[in-house]
Amino acid sequence: MQPDDLAKALAPRLGDRLLGVETFVGTAGRVRFRPEAALDLFRAVRDELGFRHLSMVGGIDWVDHREVFYVAWSDDARQYVILSADLPADSPHIESATPVWESANWHEREAWELLDIGFDHHPDLRHLLMPDGYAFHPLLRSFKLHEPEELEVKQRSV
Amino acid sequence: MWLNMGPQHPMTHGLWNLRVKIDGEMILDCDPEMGYLHRGIEKISEDRHYNEVITLMDRCCYVAGFAWEHLYIVAAEQALHLSPPERADYIRTMCEEFQRLGSHLMWYAAFVQDIGLMSPFLYAMRDRDLILDLFQSYTGARLTYEYMRVGGVRSDLPPGFGDRARKVLDWLDQKFVDYDRLCLGSTIFRERCDGLGVLSARDCVATGVTGPMLRSAGMKRDVRKDRPYSVYKQLDFDVAVADGGDVTARYLVRMEEMRQSVRILRQVLDWLDHHPGPVLAERLPRWLGAPYAPQGREGYLLKRNYPKGVGFSSVEEPHGEAQAYVVNEGGEHPYRVKFRSPVFANLSAARHYLVGYHVADIPPIMGSVDICVGEVDR
């Protein structure tokens with residue numbers, strides 16, 4: 001599958017919410033989309049293009065905006081595809097992929113706590129790697145490694 | 001009632017907490033609680049030179065350091081527009097396959113101990129030591145190697161390495177027969193493990209489970225075959241598959257994988273014997289050498305004019321499919337490094353293979369998952 005094939009298959013579904021498909025070395029391509037198209041795109045990619053296996057969800061803090069990216073694998077095409085959306089830095093949030101790919105659950109929990117990306121309608125959005133009540137988002141560029149923060153950690157109720 | 005198994009529990013093999021909701025002996029629900037080993041490796045990487053990140057990779061998974069070094073190196077080289085000499089690629093493949101043997105032997109030892117067998121544990125640890133001896137002979141370390149470099153590997157193999165390695169492989173080939181007799185030949189083992197912790201292929205795909213767990217459910221999927229990286233395209237080997245998706249099937253897949261690793265290693269060692277050459281690319285940017293700060297004007301200019309790039313790699317780690325995403329924004333440190341740990345996904349599916357079984361089944365099931373908490377928490 002080539003980037004052009006992806007664009008051809010997705011354009012009728014998404015219209016102008018599809019921002020373009022770029023070449024990305026070693027994958028079928030990198031699909032850039034508007035965050036409001038999230039669920040439509042996920043369903044189309046999984047059901048129509050056959051990318052049934054979501055490998056990971058990650059984020060990048062570009063300071064002026066935040067990027068969230070998804071990597072999915074297709075057994076038929078034997079290829080990866082990368083989906084990526086830019087979110088505004090003041091309130092970064094996107095629809096959760098968990099209803100489409102169950103495997104997104106933990107990855108989104110991680111992206112939420114480390115990068116402060118909100119995932120709407122996520123079934124279980126709570127801390128995964130950090131303790132409950134941890135108020136910082138360590139993977140943001142504003143979180144400096146060399147300035148120790150004062151931590152106040154709430155006790156987890158059992 | 002919620003029961004805490006961990007953070008210190010013989011079943012956990014690392015520091016994590018498995019909370020299980022039980023009614024009597026029956027498991028109704030579970031909730032793995034991670035983060036006890038979170039060191040912020042992705043964050044620290046943003047503050048390190050490209051080669052310094054390799055040190056962190058060894059600590060990502062402490063039984064499969066080489067696999068993680070390889071994963072990061074492939075992505076970093078793609079992001080930096082560099083490629084290694086062919087010999088370095090073969091040496092990396094050799095490292096990864098020996099690491100797979102070491103990791104699977106460690107899994108075997110831990111797993112059989114979980115179900116109460118002590119002698120096989122000692123045999124596997126003894127044989128794993130032979131592999132660690134080999135690692136020590138060319139990296140100087142037994143666990144945290146720091147051997148691979150962006151653009152190649154640190155040093156060539158010592159003289160006579162091939163023969164010593166082949167001796168270890170011959171020894172292992174014999175011992176696999178004993179391993180199988182000790183486990184598969186035992187009625188107690190079969191009755192304990194057959195039909196336990198079943199995870200269907202459909203659930204595997206939905207929950208992102210990869211590696212031996214996925215192959216034990218009958219799906220023939222291996223990154224080394226499906227999307228060959230490094231030199232795997234030139235090597236002849238089979239993908240281990242089994243049916244059933246239960247604990248025994250996972251055992252069968254891992255044992256077969258070890259045999260295939262031996263097969264791969266024989267080919268790689270033969271190639272290395274006949275193809276001497278450089279193991280580190282020439283003309284690497286000077287600022288890349290980790291211990292050396294950019295020197296003078298030349299190094300500074302190189303660094304500033306260096307083209308940006310993004311690297312994505314996917315590697316069949318002993319536990320499953322690991323991925324790395326490295327963003328190079330032209331600085332001397334990576335702008336962002338993101339890793340996908342296979343155990344992270346395998347563990348997030350815990351509800352699917354634990355619910356419906358008994359509390360006493362948890363150690364063999366979790367043992368068959370092969371957990372390495374270092375790479376889950378990173």
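This is a predicted model: local features need pLDDT of at least 70, side-chain atom pairs count only at pLDDT 80 or more; totals for chains, interfaces and linings use all residues.
Residues are numbered from 1 along each chain as its sequence is written, and chains are lettered from A in the order in which they are written. Local features need pLDDT of at least 70 and side-chain atom pairs count only at pLDDT 80 or more, whereas totals for chains, interfaces and linings use all residues.

Chain A holds three helices and seven strands. These are DSSP runs, numbered from the N terminus (helices: H or I, at least four residues; strands: E, at least two). Their order along the sequence is α-β-β-α-β-β-β-β-α-β. The radius of gyration of chain A, 17 Å, is close to the 15 Å that the globule rule gives for 158 residues, so chain A is as compact as a globular protein of that length. The radius is taken over C-alpha atoms, and the rule is 2.2 Å times the number of residues to the power 0.38. The C-alpha trace spans about 50 × 35 × 25 Å along its principal axes.

Of the 158 residues, 42% count as buried (20 or more other C-beta atoms within 10 Å of the residue's own, with C-beta atoms placed from the backbone). Among contacts in chain A with a separation of 6 or more, 48% join residues 24 or more positions apart. Two residues are in contact if their C-beta atoms lie within 7 Å.

The contact between the chains takes 27 residues from chain A and 30 residues from chain B. On the chain A side, strand S3 (53-61) and helix H3 (104-115) are the elements that give two or more residues. S3(A) provides the largest share, six residues.

Notes:
A residue is buried if 20 or more other C-beta atoms lie within 10 Å of its own, exposed if 12 or fewer, and partly exposed in between; C-beta atoms are placed from the backbone.
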